[in-house]
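Please consult the sequence and the structure while reading.

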Amino acid sequence: MSFPPAAAVQASPGLRQDLKTRHLTMMGLGSAIGAGLFLGTGVGIQAAGPAVVLAYLVAGFITVCVMQMLAEMVAARPSSGTFSTYAEQAFGRWAGFAVGWLYWFMMVMIMAVEITGASGIIAGWFGLSPWIPALAAIVVFTVINFAAVRNYGEFEFWFALIKVAVIIGFLVLGTLLWLGLLPASGFVGLSNVSEVGFIPNGWGGVATALLAVAFAFGGIEMVTIAAAESEHPETAVHSAIRSILWRIGIFYVGSVVLIALLLPYEQIGGAADASGSPFTAVLHLANIPGAVGVMEAVIVVALLSACNTQIYGTSRFLHNLAERGDAPGFFRATDSRGVPLRGVVVSVIFGFIAVALQYWNPPGLLAFLLNAVGGCLVVIWLVVSFSFLRLHPHLVRGGELTHVRMWAPQYLPWVTIGLIVALVALMATTESGRDQILAVTVVVGVITALGVIFTRRAAGHTAASDTTTFNTVSERKA
């Protein structure tokens, strides 16, 4: 069964270009700064020691290159379908279908993880069943996403700003602690680092840390989805991406450096909740009362902000898939303010189903789906890189390039691909990494097969319609 092409659906006002650059910047930051920073930072430090900074630099280099390639394509051909649209332009409709639905699946699952984590903490505060705050949050975010895009962008700007302010406050506090300028501390210097050395576990530890931090920058790509609704896509996306990258670099690397400097190596590790977070341990050093409660509140805000952004992204992606005929035309419609309400509703419904799936937790299924999510970002990175290599010459010949361009386009994309392949090889050396590779291979294989079948049927349906029309016209002439 094929979906109706975009032209067959009644015209709608379409998305509005009302977002400002500051909205895009905070949406990207809001999506990228989640519980992974506050709970997962210790995993990388434990694996590599202070040398975890090198792992962040490698992961950051990959992200910078991928985002710059994407920025060039978005500036030249703005689309809320972003890398899905460019995959279709580069390799055919089947590729756009597969990448679009893969990313939609990834965002829905991430949304469920975030809302489940936040509702669990909130439920603990008030002695409620976790589904109550989960449902309340979903309802609130649905209402927020029903708002005109400018109003949504304004809300998310201030929501994400809370996280940014907390991280800046942590960096200032940590620096004062390290310098011994607070009453509760003396000058720490490099004493904790000198005890274990810069690379306590060798280069193997750095490689292990790279696996832990590689996906830390995931979520920045959300800014390219929102760029189609910005006032000036060409300039806005470039400015927003550049701003996001250096800010996240400072936030992540700065936090990691301060934690490694302030805490003894043996005290740093992964955290299942706020009480075990290295951020909480630093707050304890400063004798801040209720440090665990403070971190729980920060983590809740981080999760809810990221969840809100995921709802926005899934609705826009679904709208774009419908416009290209890769989803039912029902989801192409927008209201008078340019909001794809139907896309918001169906994305929220599937997100809540995924939340229910986490509470139900059928044996093996949830772990499989979450493992697939862990590897989806690697697939997206590769798709962006290969799409760029295919489309860049066309953009040059067509005179479509703007001032936003990829550096060394003949070489850096291949370097990026090489690093991503090396990362996959590293993943294959661990059991959890192999589980991720297997799960994402199955999911990508199934979605790609559906894409090939769907696009072939759609092409056959179009050809049959054209033949019928031709015969009808011929009979009338006769």
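In this predicted model, a network of salt bridges links Glu88, Arg93, Arg324 and Asp326.

A search of the whole structure finds 7 salt bridges. One of them joins the side chains of Glu400 and Arg77, at 2.7 Å from N to O. This pair connects distant parts of the chain: Glu400 belongs to the loop between H15 and H16, Arg77 belongs to the loop between H3 and H4, and the two are 323 residues apart. Glu400 counts as partly exposed, with 28% relative accessibility, and Arg77 counts as partly exposed with 23%.

A further salt bridge is formed by the side chains of Arg316 and Glu229, at 2.8 Å from N to O. Arg316 lies in helix H13 and Glu229 in the loop between helix H10 (222-226) and helix H11 (233-262), so this contact ties together parts that are 87 residues apart in sequence. Are these two residues, Arg316 and Glu229, buried or exposed? Both are buried.

| Space | Volume | Lining by class |
|---|---|---|
| Largest pocket | about 1400 Å³ | 30 nonpolar, 16 polar and 4 charged residues |
| Second largest pocket | about 380 Å³ | 18 nonpolar, 5 polar and no charged residues |
| Largest cavity | about 70 Å³ | 9 nonpolar, 2 polar and 1 charged residues |
| Second largest cavity | about 50 Å³ | 9 nonpolar, 2 polar and no charged residues |

The largest pocket is lined by 50 residues, and those nearest its centre are Gly36, Ala212, Phe215, Ala216 and Gly374. Several helices each supply at least two residues of this lining, among them H1 (21-32), H2 (35-48) and H9 (202-213). The largest share, 9 residues, comes from H5.

The second largest pocket has a volume of about 380 Å³. Its lining consists of 23 residues, of which Leu102, Val379, Leu382, Val383 and Val444 are the closest to its centre. Two or more lining residues are given by each of helix H4 (82-91), H5, H15, helix H16 (412-427) and H17.

The structure also holds 2 cavities of 30 Å³ or more. The lining of the largest cavity includes Thr63, Phe217, Glu221 and Trp381. Helix H3 (52-76) and H15 are the elements that give two or more residues to this lining. Around the second largest cavity, the lining residues include Ile45, Asn192, Pro264 and Tyr265. Helix H8 (residues 191-196) contributes the largest share of that lining, with 3 residues.

On the surface, a nonpolar patch is formed by Trp125, Phe126, Leu128, Trp131, Ile132, Leu135, Val139, Val143 and Tyr359, which together have about 880 Å² of accessible area. H5 and helix H6 (131-146) are the elements that give two or more residues to the patch, and H6 gives the most, with 5 residues. Phe126 is found in helix H5. Why does Phe126 count as exposed? Phe126 counts as exposed because its relative accessibility is 58%, and the limit for an exposed residue is over 50%.

How values were computed: Residues numbered from 1 in each chain as written. Predicted model: local features only at pLDDT ≥ 70, side-chain atom pairs only at ≥ 80, totals over all residues. Heavy atoms only, no water. 1 Å grid on protein atoms, 1.4 Å probe; cavity = no way out; pocket = protein on both sides within 12 Å on 5 of 7 lines; lining within 4 Å. Points joined across faces, edges and corners; volume = space filled by probe spheres on them. Helix = DSSP H or I, 4+ residues; strand = E, 2+ residues; numbered from the N terminus. Nonpolar A, V, L, I, M, F, W, Y, C, P; charged D, E, K, R; others polar. Patch = residues over 30% accessible without salt bridge, like charges linked within 9 Å, V, L, I, M, F, W, Y side chains within 5 Å. Areas by Shrake-Rupley, 256 points an atom, 1.4 Å probe, with all protein chains shown as cover. Salt bridge = Lys/Arg side-chain N within 4 Å of Asp/Glu carboxyl O. Buried < 20%, exposed > 50% of the residue type's maximum accessible area, 1.4 Å probe, protein only.
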